[in-house]
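Could you walk me through this model in the viewer, one selection at a time? I would like to know what to pick next and what to look for there.

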Amino acid sequence: MTATDLPQKLQEILRPKLRFLAPSAEVPMDEDLGKLGLDSMASIDLLMEIEQQFGVQIPDELMTADTFATGSHLQAVIEKLI
Amino acid sequence: MPSNTSTLPFLSPSELDGLEAAWCIAEYVREGARRWPESIYFRDGSQELTYAETWRRICSIAAWLSRQGIGHNDRVVMVTDNRIETVLLFFAVAQIGAISVILHPQIKPEGLRRILSQTEPKLGLLDSATAWLREEFRETSLVWVGCENEGCHFADLIAEEEPPVVPYPGLKIDPAFLVFTSGSTGTPRGVILTHDNVRFVSAAIQARLPYRAEDRVAIFLPLSFDYGLYQVFYAAIRGASIFIGKPEHAGPELLRILAAQEISVLPGVPTLFGGLIKMQRYRPVPLPKIRIITSTGDHLPQSYIASLRELFPQALVYPMYGLTECKRVSILLPDELDAKLESVGRPLDGTEVFAVDDDGKRLPPGVTGELCIRGPHLALGYWRAPEETAKRYPVLDGTRVLRSGDFGSVDVDGFLYIHGRSDFLIKHKGHRLSPAEVEEEACLIPGIVAAGCIKDEAKDLLCLFVSVSESSLGESQIIQALSVKLEPAKVPNRVFLLPELPKTGNQKIDRKALRAIL
């Protein structure tokens, strides 16, 4: 896992969880993930998948609605952890 | 009983007060401020308000509302994130005899427009989350929370000095607020709850599941959903404290917030508990304070009950059943869980539930029919919808009943069992929706000829069946198009294309036949 793979990998994880996004569209990284169809239950699955795929553990203080608000917030948090 | 009423002693106004002809829900706070002034009533993680300070602010806001010429039976519409300010305005509106309408912050402009034209509010409340809806309030004065650049700011409603108490001008049988919910058609309907409805049902619920003064109750459900809102009444009866959280906190961080806020009472819907169970299994957090878990809004599966009892052994789990039209129908007690598997409990004390057949005749115990409810908790009806009100609240054998629309039975001990929802209402993710609402929106999408919406209860999925005239229309396009028009919980999880939809004899979509396809 290198830093350059991260955005691509995150796109792949996010894409199937955003049911309100047009099928072929890229995930807009600054858009509110809730508006793209991520509900609280799906964000729990997202957390688990991110931790497994990137081999990280998101610490308690970063486990906030803000971290899960947008793709770029998530990316920033993951970058700090890998 | 004296035979001649003229011999009855004359009652002075203060004695009439004793009869509480004019009781209003703001009395909960006034009484709380008298009994436990220094106890914390509200906290949200950044601020705390005592009962005394809450009452002072409510009086101040009530005085401001009166100065604006807002009074008895006027409507005030609030569209905000869950926040303390909304609850303060809500109580102040009650105190001046006006009617609150709290709406979901994710409401779409189309839905909001329909509600505003029905309610014609004198005042609206918006915050930064809902500022984009301001155009819909062109003809209404607005108060803003947390938007410094906008006109009238919420903080300006609260005076420094001791405010006068504006006397409540109505009767206890008057409307206190409307809760908008899906009607049997696609049009949203405002259920009219009176001050007395709230008082009866809150006392009856507290008799069954008593909160304590030291309890900290968490609200993660939207305040637009009556089960979230009513927590503020239950807490005030006991002097307990409310943590006002937001629905988006009910994800990965939920456990952490519950621990940090030392939450002891957690009301929720099955979806919220599903997430809680998943997270607690994945990364457990000690939650020694959790004492009461209550679930409503949808069927709480036995597997969830078992998991909750295993993960939180010190907590009491209360499955419940209710509908906005009477707030709460029944509560199952923790020590009844094992003997009455799958039951939603006994009706509240002072109320009655029975099943009826297709002709409205009462059925004997154990026989399934549409559940009907009787009692002082029955709402007045739907706002400005006399026909729908008469249909849902018919008079049977001389008394007014509520037809729940749900099919179930009552056993010999009086315990209720729900066997199926009616065709005109779906409960999904703790939200109530009408299939007609989803179908109407679907049919507005160019290329869709007909649509039928049902829920796959086994998989917990909302399913839409459509026939299309354009072969290019696919599942994901339709879901995406609907997500712009409908609140997230009302957007179907799956869309299936059919050459033609099954119809009933009178040319309506046959939802039973659709269910058979699943």
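Start by selecting B:Arg384, which is partly exposed because 13 other C-beta atoms lie within 10 Å (buried means 20 or more other C-beta atoms within 10 Å, exposed means 12 or fewer, and partly exposed falls in between, with C-beta atoms placed from the backbone). You will find B:Arg384 in the loop between S19 and helix H12 (386-392) of chain B; helices (H or I, at least four residues) and strands (E, at least two) are DSSP runs, numbered from the N terminus. Check its backbone too: phi of B:Arg384 is near 50°, a positive value in a residue other than glycine.

A word on conventions: this is a predicted model, in which local features need pLDDT of at least 70 and side-chain atom pairs count only at pLDDT 80 or more, while totals for chains, interfaces and linings use all residues. Residues are numbered from 1 along each chain as its sequence is written, and chains are lettered from A and ligands numbered from 1 in the order in which they are written.

Next, jump to B:Asp460, in the loop between strand S26 (448-456) and strand S27 (461-468) of chain B. Its phi is near 60°, again positive in a residue other than glycine. B:Asp460 counts as partly exposed, with 16 C-beta neighbours inside 10 Å.

Now bring up the sheet. Eight strands of chain B form an open sheet with mixed pairing, in the order S7-S6-S5-S3-S4-S8-S9-S19; two strands pair if DSSP finds at least two bridges between them. Which strands stand at the edges? They are strand S7 (152-153) and strand S19 (381-382) of chain B, each with a single partner strand, so one side of each has no neighbour in the sheet.

Zoom in on strand S3 (residues 75-79) and strand S4 (residues 99-103) of chain B, which run parallel and are joined by five bridges.

Axes here are lines fitted to C-alpha atoms, for helices over the stretch in contact, and angles run from 0 to 180 degrees between N-to-C directions. H6(B) also packs on the sheet, touching S8 and S9 of chain B, and its direction makes about 75° with that of S9(B). Contact means that the C-beta atoms of two residues, placed from the backbone, lie within 7 Å.

Stay with H6(B) and colour its buried residues, among them B:Phe200, B:Val201 and B:Ile205. Their cover includes strand S8 (175-182), strand S9 (188-194) and helix H8 (231-238) of chain B.

For the next stop, show both chains: 19 residues from chain B and 19 residues from chain A make the contact. On the chain B side, H10(B) gives the most, with six residues. By class, that side has seven nonpolar, eight polar and four charged residues (Ala, Val, Leu, Ile, Met, Phe, Trp, Tyr, Cys and Pro count as nonpolar, Asp, Glu, Lys and Arg as charged, and the others, Gly among them, as polar).

Finish on chain A, which has three helices and zero strands. Its C-alpha trace spans about 30 × 25 × 20 Å along the principal axes. Buried residues make up 29% of its 82 residues.
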